[in-house]
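Here's a quick briefing to read alongside the model. Grab the sequence and the coordinates, and let's walk through what the geometry says.

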Amino acid sequence: MTVAIKADARSIRRIAISHRLSRWDVRLSPYLYISPFFVLFGLVGLFPLLYTAWVSVHDWNLIGGQGDFVGVDNYVTVLSQPYFWTSLRNTFSIFLLSSVPQVLLAIGIAAFLDYNLRAKTLWRMGVLLPYVVAPVAVALIFSNMFGDRFGLINEILGGLGIDPIRWHVDIIPSHLAIATMVNFRWTGYNALIFLAAMQAVPRDYYEAAIIDGANRLRTFWSITIPLLRPVIIFVIITSTIGGLQIFDEPRMFDTAGQGGANRQWQTLTLYIYELGWGQRNFGRASAVAWLLFLIILVIAVLNFVITRRIAGSTERRIRTKGTR
Amino acid sequence: MKRFPRTTVAAAIAGAASIALIATGCSAGTDPGKTYDGKVTLTVATFNEFGYDDLFGQYEDANPNVTIKHKKAATSNEARDNLTTRLAAGSGLSDIEAIEVDWLPELLQYSDQFVDLASADVAGRWLDWKEKAATDADGRLIGYGTDIGPESVCYRSDLFAAAGLPTDRAEVAKMLGTSWESYYAAGAKFDAAGTDVPWFDSAGATWQGVVNQMPNAYEKADGTIIATKNPEVKEAYTSVLEASGSLSAHLSQWSDDWTASFQNDGFATMLCPGWMLGVISGNAEGVTGWDVADTFPGGGGNWGGSYLTVPNQSKHQEEAQKLAAWLTAPEQQLQAFASKGTFPSQRAALESDELLGATNEFFNNAPTGQILANRAAAVEVTPFKGAHYFAINDAMQQALTRVEDGLMTPDKSWEQFVADVKALG
């Protein structure tokens, strides 16, 4: 008798344990499944971020390593350097000159690709080609075009009787040239993202609109664009983050790679590079890196708020139109 | 009865496996250079033109177990960035890294990162000052000298003829004279002839000639920075910019436009250390008229010159040292000189008939060996280059470029130079 009761109690306990385990399974497994991402993020994202902050409050030589703790000294020094502000200006200028036309162009290209073209796949692959070319190779090709004296563009301008543009001397032309390289590389990529979103727009909407007498332009403005909002937000935010961290193109814009004798096109990332690798002052370089991180954070949040407000209002508009 | 639902076990295994994958992915620590049959791949990183292209093949033929991979950076700046980045990262350096004398002092601070190359085989191979510069305070030799850069003046005899100036080497040398004033004066004469071609390439290049004649331009021997207070520097800055106003092509050296200008009659003369001969003949391929004059403004001067080092990171230090020793042996350096004009720093090579009898077809068959040997003998000053030399000189180059580009007045640009130097500290 007693033996049987004991055995029963044991099996009950076993059932209880296995219940508990399966409950943990339900609760914990999802986290385990997504944990590789967070482990990786912690390793290559969060840790470097925090470590950079640690470096930025020390004297730190690239090769010599950690020195004394200096508190916010590095930040103060960097903020008082004119080159920091020049490169901040350049970063924003190049970012605006590249991102704005890029998004507009990409939507336009995507709209054309969305039509029934002959050899559809060929065209769609074609716009992605520049993205496959390494940025450094792009920079080499473009530096040939944007030569101050013997560049292709200035030769053409000279043939037309226009004064050559000093691409590597004046501020705005240098920014334009760099923005062109960025646009060349990223427009097609963004166009494909937009295209994918456009293909997801139900065709019935267009048919209904055309029956109602709307022309192509009208359907584009009133159906395609509003329904693209979420993707536009995504593209704007990613291109903001990418645009503010632009490095390859300005670095390769001339052979010295410092952003010009008067830092005409030095971006913040180039400035970080100059401090860290040119002057080997990792402390100051890390301080700028953190400032850049904060700037991007602020802009991204701003972006998000603004675009969400716009998107929210149009969505509501469409919905109210729909119910009417 | 099942203790664990199968999914839990599977999940645990999958999780563990993925973490293990991540871990192993990071530490793929196999030695890429060596295969099982004792073959060694040595990587050699150089910049500009070292003249080693043929030599590597010869070494491989003589040592069948060695394969050499050559990484060539376009500029010395680029090579320096690459070297310091990988030195800091602790991996990724080539087995042999070429370094330039201008940034050698920075690296001497971390000489323990390089293999001590001193050995009986190479004792006394180089000019004393060349060897001394690469020896650290503890007497470790971290680099084998390759070339030195005794400076002459290269000129376009066809453009000289068009301007009615003498074209013969000896006469040109006489006309250019031995001082900066006479060099600029000859330029003014050339300019006055109305050929519409600038006299020299850039203020920055000319500055290199001037600054390499100052014993302590930017730093005192104890390392104190005096760049912004040194009257010699300020004076030279002013005079170079004065000359550049009417005589310079304003083509910043190594820029794409500068390179392209060799094909477009960009300028008539340029200061010419030995290694520059290879650069000119490369850039000006197909252009006739280049020649070398046996003179240099302000006396002699040495511009640049390099070393081969073996970083501690190398997995084949012995093999690398052997190759470096072979490449910098007098016989091989003479071949490099024949191919790219990199003038030897090795005593035996300097006295060899092969060097003294060498001519350069591209430069109108000029006896470049003899001319550069004369120029080397004329060098009187060994400029002191401390830990900040490279960075300060870089700031100076930018100051000169700002004025040449018309972005700033000389005074304004000097002020910024002062600020830049201050920011280094």
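**What we're looking at**

UniProt, in an unreviewed entry, lists residues 88–303 of chain A as "domain: ABC transmembrane type-1"; UniProt positions are given in the numbering used here, feature names are shortened, and annotations may be inferred rather than shown by experiment. This is a predicted model, where local features need pLDDT of at least 70 and side-chain atom pairs count only at pLDDT 80 or more, while totals for chains, interfaces and linings use all residues. Residues are numbered from 1 along each chain as its sequence is written, and chains are lettered from A and ligands numbered from 1 in the order in which they are written.

**Chain A**

- The span 88–303 of chain A is 76% helix and 0% strand, and its end C-alpha atoms lie 18 Å apart. Helices (H or I, at least four residues) and strands (E, at least two) are DSSP runs, numbered from the N terminus.
- Chain A splits into domain 1 (2–56) and domain 2 (73–323), with bounds that come from an automatic or database domain assignment.
- The centres of domain 1 and domain 2 of chain A, taken over C-alpha atoms, are 43 Å apart.
- Where the two domains of chain A meet, 4 residues of domain 1 are in contact with 7 residues of domain 2; contact here is C-beta atoms, placed from the backbone, within 7 Å.
- On the domain 1 side of that chain A contact, there are 2 nonpolar, 2 polar and no charged residues.

**Chain B overall**

- Chain B has 19 helices and 8 strands, and its C-alpha atoms fill a box of roughly 105 × 50 × 45 Å along the principal axes.
- Of the 425 residues in chain B, 50% are buried. Buried takes 20 or more other C-beta atoms within 10 Å of the residue's own, exposed takes 12 or fewer, and partly exposed is in between, with C-beta atoms placed from the backbone.
- If you take contacts in chain B between residues at least 6 apart in sequence, 76% of them join residues at least 24 apart.

**Domains of chain B**

- Domain 1 of chain B covers 40–148 + 305–356, and domain 2 covers 149–301 + 365–424.
- Their centres, over C-alpha atoms, are separated by 27 Å, and 21 residues of domain 1 of chain B are in contact with 22 residues of domain 2 of chain B.
- On the domain 1 side, α4 (104–108), β4 (143–156) and α16 (353–356) of chain B each supply at least two residues.

**Cores**

- The largest nonpolar core has 111 residues, and B:V240 and B:A324 have the most contacts inside it. A nonpolar core is a set of buried Ala, Val, Leu, Ile, Met, Phe, Trp, Tyr and Cys residues joined through C-beta atoms within 7 Å.
- Helix α18 (residues 389–404) of chain B gives the largest share of this core, 9 residues.
- Domains 1 and 2 of chain B both give residues to this core, so it lies between them.
- Leaving out residues up to four places away in sequence, B:V240 touches B:A203, B:T206, B:W207, B:V210 and B:L400.
- A second, separate core has 36 residues, including A:W167, A:A177, A:V182 and A:I246.

**Where the chains meet**

- The contact takes 34 residues from chain B and 29 residues from chain A.
- On the chain B side, α1 (6–26), α3 (76–89), α11 (256–261), α18 and α19 (410–424) give two or more residues, and α1(B) gives the most, with 7 residues.
- The chain B side divides into 16 nonpolar, 12 polar and 6 charged residues.

**Local details in chain B**

- Strand β5 (residues 269–273) of chain B is mostly covered, with 5 of its 5 residues buried.
- β4(B) and β5(B) run antiparallel and are joined by 5 bridges; strands pair if DSSP finds at least two bridges between them. B:E151 stands opposite B:P273 in β5(B).
- B:D265 has a positive phi, near 50 degrees, and is not a glycine. B:D265 lies in the loop between α11 and β5 of chain B, and counts as partly exposed because it has 18 C-beta neighbours inside 10 Å.
- B:N365, also not a glycine, has a positive phi of about 55 degrees. B:N365 sits in the loop between α16 and α17 (368–378) of chain B, and counts as exposed because it has 10 C-beta neighbours inside 10 Å.

Definitions and conventions
Nonpolar A, V, L, I, M, F, W, Y, C, P; charged D, E, K, R; others polar.
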